[in-house]
Amino acid sequence: MREFAAIALLAVVVGLIAVLFAWSGATHERRNTFTSLCWIRSCPPPAVADEDDGRPHPMTDNSFWHYGGLLAYLRIEGATRRFYRDPKQTLNDAELDDDPDDLVFEGTGDHGYWHGMAQLFDRRCDSTYPYRVEGRSRDHDRIVALTGHAPRIDDDCHVAGYNAATNTLTFTFVAEAD
């Protein structure tokens, strides 16, 4: 009888570990069990060094990124990260001028967590409207996805509130600057 109880207890423990591991694996790429438990309790994950996969590292000043069907470039100054639209849509860093009208995101990015202000461009009003965003990078920092509630602009070009649904800005690394 004791053997049966011990086997049943062992099966329950193994089953719980397997379920927890499968659930955390569906949400995060390879994480250990401690990190998965910590994630469930909303603890920040420990910094994990990226493996060198032979590809250029995207977090360099003037690197180029796809954003909403357009080309953008990243400026890095200390902890500050700025994504600008590339109005000429070229991969030529000599033509980049950091025009404030082309700013898409300004904030910080640290250990995969990004937060700051995004800019909504309204062509009808010929103006930009800031709103808070946050998110994480993935695929060895080659994709940065930021979410927030974009403003609703009324007919007089004023902020009339914020969308209930989240807006996602996704930046995908293209190339390093020359």
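Predicted model: local features only at pLDDT ≥ 70, side-chain atom pairs only at ≥ 80, totals over all residues.

Biologist: Let's start with the overall fold. What makes the barrel, and which strands are in it?

Modeller: Eight strands form a closed barrel in the order β1-β2-β3-β4-β5-β6-β7-β10, and their pairing is antiparallel. From one strand to the next, the twist averages 30°.

Biologist: How do you know that β5 and β6 pair?

Modeller: Count the bridges. Two strands are said to pair if there are at least two bridges between them. Strand β5 (residues 113-122) and strand β6 (residues 127-138) share 10 bridges, so they count as an antiparallel pair. You can look for Leu-120 opposite Tyr-129 in β6, and for Met-117 with its bridge partner Arg-132 in β6.

Biologist: What holds paired strands together in general?

Modeller: Strands of a sheet pair through backbone hydrogen bonds, either parallel or antiparallel.

Biologist: Which residues take a positive phi in the hairpins?

Modeller: In the hairpin of β4 and β5, with two residues between the strands, His-111 has a positive phi near 50°. In the hairpin of β5 and β6, with four residues between the strands, Asp-126 has a positive phi near 50°.

Biologist: Now a single residue. Why is Ser-63 called buried?

Modeller: Buried means under 20% relative accessible area. Ser-63 has 0% relative accessibility, so it counts as buried. Ser-63 is in the loop between α2 (33-40) and β1 (64-67). Its contacts beyond four places in sequence include Pro-58, Tyr-73, Phe-173 and Glu-176.

Biologist: How do you know that Ser-63 and Trp-65 make a polar contact?

Modeller: Their side chains are joined at 2.9 Å. The cut-off is a pair of N or O atoms within 3.5 Å, with one able to donate a hydrogen and the other to accept it.

Biologist: What about Asp-141, with its relative accessible area of 18%?

Modeller: That value is under 20%, so Asp-141 is buried too. Asp-141 lies in the loop between β6 and β7 (143-148). Its side chain makes a polar contact of 2.6 Å with the side chain of Ser-137. Asp-141 and Met-59 are 82 residues apart in sequence, and their C-alpha atoms are 7.0 Å apart in space.

Biologist: Last topic: what lines the second largest pocket?

Modeller: The volume of the second largest pocket is about 340 Å³. It is lined by 16 residues, and the closest to its centre are Arg-85, Leu-120, Phe-121, Asp-122 and Thr-128. Strands β5, β6 and β10 (167-175) each supply at least two lining residues. The largest share, four residues, comes from β5.

Methods. Residues numbered from 1 in each chain as written. Heavy atoms only, no water. Axes fitted to C-alpha atoms, helices over the stretch in contact; angles between N-to-C directions. Buried < 20%, exposed > 50% of the residue type's maximum accessible area, 1.4 Å probe, protein only. Contact = heavy atoms within 4.5 Å. 1 Å grid on protein atoms, 1.4 Å probe; cavity = no way out; pocket = protein on both sides within 12 Å on 5 of 7 lines; lining within 4 Å. Points joined across faces, edges and corners; volume = space filled by probe spheres on them.
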